[in-house]
Amino acid sequence: MYDYIIVGIGIVGLGVANALQEVRPGIKILMLDKENMPASHQSGHNSNVVHSGIYYKPGSLKARLATRGNKTMFSFCRQHGLYHDRCGKVIVATQPKELPLLENLYQRGLQNGLEVSRLNRLQLNEREPHVNGLEALLVPDAGIVNYKEVADKLAEIIQQRCATLIYGQMVTAIRENSDRVEVVTPQNSYQAKWLINCAGLHSDRIARLSGYDIGMKIIPFRGEYYVLNSERNYLVNHLIYPVPNPDFPFLGVHFTRMYNGKRDIGPNAVLAFKREGYKIYGHPRFCNTNFDVWWAS
């Protein structure tokens, strides 16, 4: 019997396993995933941005986790020789009405302990000659990694500490007893003292299999991107974001430096109609996809 079973071998599940091993050396961990490799879903279908935490309410859990996670992610990549680009982000105001919102973000960044600075039009033009803005904020802590590569390295480290990772195991039933939990797949059944649900897109289904009515379901949205022709990469030096519109829960269309040298432009946000609907076949405009999940009660 295992101490912990973790359902989902994405960046969240791997991070949880790594943390458990650090605080409780020698524990027995089993990780299960229905796919045949780590980070097959959300962890491998995102823009790979390491955010700074500037958008979040000072003192909130999101702010604390984002700022701490930023530092630990870049540290992890440096330690293990993984790709990382602390290229920084500029948040650009293009209309006078956005200037007060930009100032609010500046103050929020300072309260969150970030190294953030104001840029006037000339200073913005020196950094991003092809961006036409009134003012901007420079957030040096933002950058890019390759989360699939990070997940692969975490999986390697976790297994070196004797955790067991089994792929191709779709969880079909979960049975709780007074002293253990049994997790059933078509191939086998496994027992542990504790079950941790890190199933991402399917986390609500895993919760229901455990007998919990969470009163929510996952509504999948897909973000679709254009990609600049490589000879135009010089147009984008940083991550370039607009000032967020407070009327909508999105960061707006932005320009992203990617780990593969490309520059993404987007996203839009459309209903995906299925949880793993990452691609639109036969539509050449959409060269990359980013997957977001919304909880609906």
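Me: Which strands form the open three-strand sheet, and in what order?

Reply: The order is β3-β8-β4, with antiparallel pairing. Before going on: this is a predicted model, where local features need pLDDT of at least 70, side-chain atom pairs count only at pLDDT 80 or more, and totals for chains, interfaces and linings use all residues. Residues are numbered from 1 along each chain as its sequence is written, and side-chain values use heavy atoms, with hydrogens and water left out.

Me: Why does one side of β3 and of β4 have no neighbour in the sheet?

Reply: β3 (49-50) and β4 (84-85) each have a single partner strand, so they stand at the edges and one side of each stays without a neighbour. The strands themselves are DSSP runs of E with at least two residues, while helices are runs of H or I with at least four, numbered from the N terminus.

Me: How do you know that β4 and β8 pair?

Reply: Pairing needs at least two bridges found by DSSP between two strands. β4 and β8 (residues 143-145) have two, running antiparallel, so they meet that cut-off. Asp85 is opposite Ile144 in β8. Helix α2 (residues 61-80) packs on this sheet, touching β3, β4 and β8, at about 50° to the direction of β8. That angle is taken between N-to-C directions on a scale of 0 to 180 degrees, with axes as lines fitted to C-alpha atoms, for helices over the stretch in contact.

Me: What makes up the six-strand sheet, and which strands stand at the edges?

Reply: The order is β9-β2-β1-β12-β11-β10, an open sheet with mixed pairing. β9 (164-166) and β10 (173-176) are the edges, each with a single partner strand, so one side of each has no neighbour. From one strand to the next, the twist averages 40°. Inside it, β1 (residues 2-7) and β12 (residues 189-197) run parallel, joined by five bridges, with Trp194 as the bridge partner of Tyr4.

Me: Which strands does α1 lie across, and at what angle to β2?

Reply: α1 lies across β1, β2 (29-32), β9 and β12, at about 175° to β2. Helix α1 (residues 11-23) also packs against helix α5 (residues 147-160), at about 35° and with the axes 10 Å apart.

Me: What makes α1 and α5 count as meeting, and which residues are in α1?

Reply: Contact means heavy atoms within 4.5 Å. From α1, the residues that meet α5 are Ile11, Leu14, Gly15, Ala17, Asn18 and Gln21, and their counterparts in α5 include Val150, Leu154 and Ile158. By type, that contact has 10 nonpolar residues, three polar and no charged. Gly counts as polar here, while Ala, Val, Leu, Ile, Met, Phe, Trp, Tyr, Cys and Pro are nonpolar, Asp, Glu, Lys and Arg are charged, and the others are polar.

Me: Are the two faces of β16 buried or exposed?

Reply: Buried means under 20% relative accessible area, exposed over 50%, partly exposed in between (1.4 Å probe, protein chains only). In β16 (residues 263-266), Arg263 and Ile265 on one side and Asp264 and Gly266 on the other are all buried. The strand pairs with β13 (residues 217-227) in the antiparallel sense over two bridges, and with β15 (residues 254-257), also antiparallel, over four. Arg263 has Arg257 opposite, and Asp264 has Val227.

Me: How do you know that Glu103 and Arg118 form a salt bridge?

Reply: The cut-off is a side-chain nitrogen of Lys or Arg within 4 Å of a carboxyl oxygen of Asp or Glu. This pair comes in at 2.7 Å, N to O. Glu103 is in helix α3 (residues 99-111) and Arg118 in strand β6 (residues 117-119), 15 residues apart. Glu103 has 28% relative accessibility and thus counts as partly exposed, as does Arg118 at 42%.
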